[in-house]
Amino acid sequence: MKMLCHGIDISDNDVSCSDSLIENVEKSLYKIRDAGAIHALLSNVTGDDIVITAIIDDDSLLESVNQAIFECFKENALGFDDLNGVSLRREDAGEGISYVELDLDDNFIPDAVVISFDTYCGEYFVGNVAESAVRAASGMDDVYSVKSSVVNGITHIPGVGFVSNETDDPVVVANVTNVEQVGVVAGAMVGAILGNKNTYLVKRHTPINVIPGSVIFSVSAIMNGNIIDLAESFMFRSRIMNK
């Protein structure tokens, strides 16, 4: 069993995703399920980036489901720079899809925490920020696997093609096998991210209205095939109480 996360900018501006783009992508998700995914979700909308997350229970479906996700992007894209960065030849790979292929524990419902970043100018430090979230979740109780899309070289997306390490808006995913620990794991990851400079937690579908040189991120919990935006809950829990 695997969780497949594809993060990409298919917006027609550098700040946000339009409501119509989001609606059209959501209407197309059924095609990914038709390709064999047991779940296909628009898990994160972060600035001008979106993340489609799919779950497969048969690894032989990996290529066909990845292809269906790529087709969903192409059919609904308003901007094509990241799509054009995907190449069938390794040597032509450019800035493209942020891809995570995460092994899941077959014995549990595939609950997960999905974190998506958006940079305004491809800020150089965002890879380190994403990796700090991976380190925070690694080794925690009930975390079966955790991974980011950050790589030093070329990434091969089975069934789709190749992208380079110029891809600059990372995705981080952690599979959690105890529902009561999802919040604990997400809290550790969010805390690690916010310890970095110029990095801000936002609600799902928030434009990147920040001073350039900054990074925003959204955090979603996938619970039994449902999406929960955790930003507002964390903002509420982080209130400073007065005397």
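Which residues line the largest cavity? In this predicted model, the lining of the largest cavity consists of Gly-7, Ile-8, Asp-49, Asp-82, Glu-95, Gly-96, Ser-98, Thr-167, Asp-168 and Asp-169. Sorted by class, that lining has 1 nonpolar, 4 polar and 5 charged residues. The space in the largest cavity comes to about 40 Å³, and the structure holds 1 cavity of 30 Å³ or more.

Turning to charged pairs, a search of the whole structure finds 8 salt bridges, including those in the table.

| Salt bridge | Closest N to O distance |
|---|---|
| Asp-103 and Lys-2 | 2.6 Å |
| Arg-89 and Asp-92 | 2.8 Å |

Asp-103 and Lys-2 form a salt bridge that links distant parts of the chain, with Asp-103 in strand β4 (residues 98-103) and Lys-2 in strand β1 (residues 2-8), 101 residues apart. Lys-2 is buried at a relative accessible area of 11%, because buried means under 20%, whereas Asp-103 is partly exposed at 42%. Both residues also belong to a network of salt bridges that links Lys-2, Glu-101 and Asp-103.

In the salt bridge of Arg-89 with Asp-92, Arg-89 is partly exposed at 46% relative accessible area, and Asp-92 is partly exposed at 42%.

Terms used:
Residues numbered from 1 in each chain as written. Predicted model: local features only at pLDDT ≥ 70, side-chain atom pairs only at ≥ 80, totals over all residues. Heavy atoms only, no water. 1 Å grid on protein atoms, 1.4 Å probe; cavity = no way out; pocket = protein on both sides within 12 Å on 5 of 7 lines; lining within 4 Å. Points joined across faces, edges and corners; volume = space filled by probe spheres on them. Nonpolar A, V, L, I, M, F, W, Y, C, P; charged D, E, K, R; others polar. Salt bridge = Lys/Arg side-chain N within 4 Å of Asp/Glu carboxyl O. Helix = DSSP H or I, 4+ residues; strand = E, 2+ residues; numbered from the N terminus. Buried < 20%, exposed > 50% of the residue type's maximum accessible area, 1.4 Å probe, protein only.
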